[in-house]
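Subject: Model handover, ligand and metal sites

Hello,

Please find the model below. My notes on the ligand and metal sites follow it.

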Amino acid sequence: MTQDLWTTVDHYMADLFVAPDPALDAALQASAEAGLPAVHVSPNQGQLLTILARSVGARAILEIGTLGGYSAIWLARALPPDGRLITLEANPRHAEVARANLARAGLADRVEVRVGRALDILPGVAAEGHAPFDLVFIDADKPGYVTYLAWAMRLTRPGSLIIADNIVRDGKVINADSGDNSVQGARRFNTALAAEPRLLATGVQTVGSKGYDGLAIALVLPE
Ligand code: SAH
Ligand code: DHB
Ligand code: MG
């Protein structure tokens, strides 16, 4: 009943605020046909990512956790023509679907999907001089979040945004004794986020077509 209402209101808002985009619809369809899990952000959340990226005038974006490239399309749509999104994906099959989806959206020139575990790829990204990124979106394996935050701090500048998905997990995040690695990962991440003096951070609970979860949003402060 509650989930039904969240879903209906989510659709109501998406119908109002989210312009139809055949490339985004096609991305979801191709991802489903390829058997990818439907854990992508919702259309309204995608629109929020675009708004936040445009608000900071993002020209360089880093995403950790590509899946089928749905959130990557939303983020890349916020970039200027010479902007760049680098998105990291451990699963080669997911990356392949994402590349096709991004190409269909006309974003192949702006987006680079790198295959491998994020922790293996991030040192190279840092060494290649793509940083500072104006926005980092963390959405891969939850136990890795706290380490991804440390990388995000290294790869951003004052004024950058660091955003993380799935920090509430149906409310399970308040359970300090949880045996769920993803919940413990989110807890460690939230604690580290709160303790970082160079960040102004908050958590936003979200409900909608993707259930009950939450986003962390943090602004990198001047040194
Ligand atoms: N951001 C996507 C959803 C990502 S789902 C969207 O909203 O459209 C999480 C993704 O992270 C999965 O595709 C999973 O394969 C990937 N992943 C898991 N562990 C990873 C790791 N260590 N490094 C990189 N990607 C990882
Ligand atoms: C799940 C949801 C996500 O948004 C994600 O990035 C990974 C996993 C999930 O519900 O399992
Ligand atoms: Mg997610």
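Ligand 1 has 22 residues around it, and Gly 65, Ser 71, Glu 89, His 94 and Asp 139 come nearest; a residue counts as near if one of its heavy atoms lies within 4 Å.

Two notes on conventions. This is a predicted model, in which local features need pLDDT of at least 70 and side-chain atom pairs count only at pLDDT 80 or more, while totals for chains, interfaces and linings use all residues. Residues are numbered from 1 along each chain as its sequence is written, chains are lettered from A and ligands numbered from 1 in the order in which they are written, and side-chain values use heavy atoms, without hydrogens and water.

Ligand 1

The shell around ligand 1 consists of ten nonpolar, seven polar and five charged residues (Ala, Val, Leu, Ile, Met, Phe, Trp, Tyr, Cys and Pro are nonpolar; Asp, Glu, Lys and Arg are charged; the others, including Gly, are polar). Helix H4 (70–76) and strand E2 (84–89) each contribute at least two residues to this shell; helices (H or I, at least four residues) and strands (E, at least two) are DSSP runs numbered from the N terminus.

Polar contacts are pairs of N or O atoms within 3.5 Å. A nitrogen atom of ligand 1 is 2.8 Å from a backbone N or O atom of Gly 65. An oxygen atom of ligand 1 lies 2.9 Å from a polar backbone atom of Val 41, and a nitrogen atom of the ligand lies 2.9 Å from a polar backbone atom of Ala 118. Ligand 1 alone exposes 590 Å², of which the protein buries 87% (Shrake-Rupley, 1.4 Å probe).

Magnesium ion (ligand 3)

Asp 139 (OD), Asp 165 (OD) and Asn 166 (OD1) coordinate the magnesium ion at 2.0 to 2.2 Å; donors are N, O and S atoms within 2.8 Å of the metal (3.2 Å for Na, K and Ca), and sites may look incomplete because water is not among the atoms. Along the chain the donors are spaced as D-x25-D-N. Asp 139 lies in the loop between strand E4 (133–138) and helix H7 (145–154), and Asn 166, 27 residues apart from it, in the loop between strand E5 (156–165) and helix H8 (181–195).

Ligand 2

Oxygen atoms of ligand 2 lie 3.0 Å from a backbone N or O atom of Val 39, 3.1 Å from a polar side-chain atom of Lys 142 and 3.1 Å from one of Asp 165. Of the 290 Å² that ligand 2 exposes when taken alone, the protein buries 62%.

Regards

Definitions and conventions
Polar contact = N/O pair within 3.5 Å; in protein donor to acceptor, adjacent residues only side chain to side chain.
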